[in-house]
Amino acid sequence: MKQNGKKKILVVDDSEMVRNFHSYIIKMFGYQVGTAENGAVALEKLLAGDYQLLVTDINMPKMDGYELIRNVQEQGIHIPIIIVSTEEEYKPGCAGAELGSGIHMVKPTDPGKLVATIKMLL
Amino acid sequence: MDTMLETYLEETEELMQRAEECVIRLEMEYSAADINELFRIAHTIKGSSHMAGFEDIGNLMHKMEDMLDYARKDAIQFDQSVVSLCFQALDTVKQMLGYKRDPGTPEDMSRLVDAASRIDEMVGAFIRANKKDEKKAVVQQPDTGIISSLLNKKPKGKNRYYITFFIEEDAPMVSPVFMMILKSVGDIGSLVYSSVPDEYFSGGSVADGVKTLEIILDTDIDEVELYTYFAINYVDRINVVDLSRSRLLENDVYFNHTHSISHVIILKALLKLYPLFLKASPYETTKEALAVIQDFQREADRAFDRIENHKRIDAFVQDFNQLNLLITKIHQDNFGLDERQCSNIRTQIAKLTERAYARIRGKYLFTTFKPEKDGFINRLKTFVEFMDKPSTLMVFIDTRELSIIREKEIKELIGIKRRLEAQDVELAVIVDGPYTRRIMNIFDSIGSLQEFKVYGNELDAVLAMSQSEEFSHKLSRVVKEVYYE
């Protein structure tokens, strides 16, 4: 079984299906995974736990992905971020995009690309 | 039905319920909040449907989303036609969901596909006719299927393998695992055959129950390296048949986590035993030796218990038990051994070690990389990237195909060795073949810069290392992690 150094990754998406899909792909490579259904829950978990990477959606209720990223930065949590969203949601120059701290990937997620990106960042 | 699919259906059905309520409210009275909510729901369903492989539902929701986007931006007038198109789209999606849950006749499906494309056209026509500005809707190009794009590559590579992957029974979803396997295939060689077609991934039908993937792979890499690229969780067993060989071996390579882990334990036990018989003769039984031996027997028993199908390894178990008996007898009767007897026992342990080693090589703890003349470093880099470092102790670079190692390559090799060491993985060199002396000299000459352990073969290396305390600690730690995860 792959162990991958027991690194922990937080997967954030309001769709349970997407959360499960992303978690599943990541677990295939031995990483540990936590999940959150919106930015607010995610921020709580990030502050509480030792996560090494964040994979987040943009369009979510309560706290969206951009607000989450802004909060993560304000709280001084320095971890790599992968934004997984539809093409329309991610517009260069829109609110939050200037934060520039994330690598953007387009839904539907290409599992190979997601894992390659994670390996590159961790 | 896999749990991932179950989650998708439940979630989508719930969203559909909410979407319908929105449309009912919108039918009575315009509300920006409801349009936004409906847009968001369509958007979510679109995303998860594509991910689940249900492009039919995803595409239809995409169309509805486009229409609602225009409406909320006031690019088209929101009126009864929009409401009616939404109702039709939702109704079709609902039927499609029912079909995913409980497949009906092919006629039902084709009726639904017709309905979907009709709605699709209607929405498209409606947008074109009513759009106030000239903004063009995004047209999605269908991707070429993953299998055909791999099959279209020119077959290349000196080895041809027939590989069967067995997915764990309780894996929540099978297709993403297949996708990851195929991704690795693309990285290391070319696909010649696949037991699943493109359609499997586009999800037109829920071909559920498929738990195995068979492929024929052409690649330059050696069988022992293959496992590194296919070490994916949820893959229960891998069966590799080397088709470039003229005939099949009796026990063709068969990789199963449980079996391999048991062999890891047996190997560890043997390696602990071996140094006992290296001591100066005459051999005398001591308390410490007795403790090691009792430990050895306990661990071996436990490991053999875990192997389900004893038949496959019967000969191995028999030989192992014989050695075990002999050693127990020596200690029970407390008789000394002369050098010849000692060396005899060493040989027996070495032989068993070799057999246990052969079963885990490339899969756990030890792996071997065989460089070829060209592109040696780049291929090694990819290999190391794929490698699961926490369960690897040692990487052997088997240089028998090399006639020379260039200075630039040596520098890179040193870098790789140091990076691996930082992650507690050792890199050693196996030197064998016609250029042994030359390669040895190269590693000798850089000894002051970076020392490389050089061995004549892998078994010698493993046995030599068994005598180092540090190695045996590391071995225990990794075995613990692998065994008790």
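Helices here are DSSP runs of H or I with at least four residues, numbered from the N terminus. Axes are lines fitted to C-alpha atoms, for helices over the stretch in contact, and angles run from 0 to 180 degrees between N-to-C directions. This is a predicted model: local features need pLDDT of at least 70, side-chain atom pairs count only at pLDDT 80 or more, and totals for chains, interfaces and linings use all residues. Residues are numbered from 1 along each chain as its sequence is written, while chains are lettered from A and ligands numbered from 1 in the order in which they are written.

**Exercise 1.** Work out how α14(B) and α15(B) pack.

*Step 1.* Find helix α14 (residues 376-386) and helix α15 (residues 407-422) in chain B; their axes are 10 Å apart, at an angle of about 10 degrees.

*Step 2.* Angles under 35 degrees count as roughly parallel, so α14(B) and α15(B) are roughly parallel to each other.

*Step 3.* Now pick out the contact (C-beta atoms, placed from the backbone, within 7 Å). From α14(B) come B:Phe376, B:Ile377, B:Leu380 and B:Val384, and from α15(B) come B:Glu409, B:Glu412, B:Ile416 and B:Leu420.

**Exercise 2.** Describe the side of chain A that touches chain B.

*Step 1.* Count up the contact: 25 residues from chain A and 31 residues from chain B.

*Step 2.* Look for helices: α1 (16-27) and α4 (111-121) of chain A each supply at least two residues of that side.

*Step 3.* Pick the top contributor: α1(A) gives the most, with eight residues.

Methods. Two residues are in contact if their C-beta atoms, placed from the backbone, lie within 7 Å. Angles under 35 degrees count as roughly parallel, over 145 as roughly antiparallel, 65 to 115 as roughly perpendicular and the rest as oblique.
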